[in-house]
Amino acid sequence: MPQPLTASPSARLSGRACVPGDKSISHRALILGALATGHTRITGLLEAEDVMATAKAVAALGAEITRSNGAFEVRGQGVGGLRAPSAALDFGNSGTGSRLMLGVVAGHDMQVKFTGDASLRRRPMGRVLAPLTAMGLQADGEAERATLPLVVRGTQDLLPIVYDLPVPSAQVKSAILLAGMHAPGRTTIVEPLATRDHTERMLAYFGGEVEIEDRGQGARAVTVCGDAELHGAAISVPGDPSSAAFMIAAALISPGSDIVVESVLMNPTRSGFIETLREMGASIEVLDRRHEGGEPVGDLRVRASALRGVSVPAERAPSMIDEYPVLACVAAFAEGETRMQGLAELKLKESDRLSATAAGLAACGVVAHVEGDDLTVEGGRGVKGGGLVATHMDHRVAMAFLTLGLGAANPVTVDDISMIATSFPGFAPLMTRLGAQLQ
Ligand code: S3P
């Protein structure tokens, strides 16, 4: 049963809030914990459906996972030490969980069926199967057009490769790095633009050998040395900047707002949204910069701001790929035009976010157009709201348009909020505590 929710124009937002743990880092902490020897203790793990699907998958493969005193303990089986599961692995809505785990299974002599929900079953798996089959993974059907459900067979005799990523994707890079941990020698991935580097950071943190080489113009080569041992470690997961994005956006567009979002991950490979908002004139101050678990973290003070439209270059896309729907909503409140370029990857997310965002804006009376891979939003004409937005099983589309509704002239309803639980359980109560009107 779809669960609709309505956001109404809100008074000022105020107070302090802590966003849940970063989704990308949470998946990786469970997976690397399973591949390490000894214990990994994870605090601040994101307890959302996507991450819990990964936890179930690594448990089905033989890692022991327990939860005590608010922390997750993983007893790993060592690199190459997992065993065949007794049933299919179901990753629900999660592209990250399924793609990274394909890299892990590649290095084990076992046959595994991967499946997921209707949204995940539409998403391309060929991008991970191409490099993984070159390393020795066997997959049924034609790798190019592969989608879940999928049966794959891994091998203990995986080959290391050098792979030029055709698209900037941290999921593909990470799948190859995880497979590379199971291959003898050096596996290198060359990425055209730097994508989120949590796998590299965490592998090094667990004692793996990782080299990073700057190839100029944003490109870099990441090399992992295989057959090395990983050692369990303590990890504290910082707040997810992609979840913080909705609070930041809501405060910027609700006049008089002044909030602090605590312990947000400040990794430069994830900071494109903040950089763009600052160019638009947003008042965002970083308080108390520090490091937690190998990652930079800070508290963000955000005040309502008069914004102006900007042009967002295509090269910035990997560092803010999940934030475009909410950026497009913020752009509706900015004076002038905001042009977001190079959004091809947005069409392949939990939904086709490029068209879902454009359609949502139109439903809210905002003029926006898609030309090729670019999205342009005409701001400063008032945001009428009043519309019903179709979320297409996409958590970020739902949260982006609820955020827009807080600043619009009339309430905005999204057709279904059930998918928000995949990344940000507690979104509505947290926003309400800051002063948002959500019913
Ligand atoms: C992620 C990488 C990105 C991002 C996703 C999480 C990750 O996907 O959109 O939400 O944790 O590696 P792509 O690798 O498809 O760009």
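I began with Val 260 and found that it stands opposite Arg 301 in E17. I noted that helices (H or I, at least four residues) and strands (E, at least two) are DSSP runs, numbered from the N terminus. The model is predicted, with local features needing pLDDT of at least 70 and side-chain atom pairs counting only at pLDDT 80 or more, while totals for chains, interfaces and linings use all residues. Residues are numbered from 1 along each chain as its sequence is written, and side-chain values use heavy atoms, leaving out hydrogens and water.

Next I looked at strand E15 (residues 258-265) and strand E17 (residues 295-303), which run antiparallel and are joined by six bridges; two strands pair if DSSP finds at least two bridges between them.

I then followed the open sheet, in which four strands come in the order E2-E15-E17-E16 with mixed pairing. Strand E2 (14-18) and strand E16 (283-292) each have a single partner strand, so one side of each is left without a neighbour in the sheet.

Last, I turned to Glu 73, which lies in strand E5 (residues 71-75). Is Glu 73 buried or exposed? Glu 73 counts as buried because its relative accessibility is 18%, where buried means under 20% relative accessible area, exposed over 50%, and partly exposed in between (1.4 Å probe, protein chains only). Not counting residues up to four places away in sequence, Glu 73 touches several residues, among them His 39, Glu 64 and Ser 68, with contact meaning heavy atoms within 4.5 Å.
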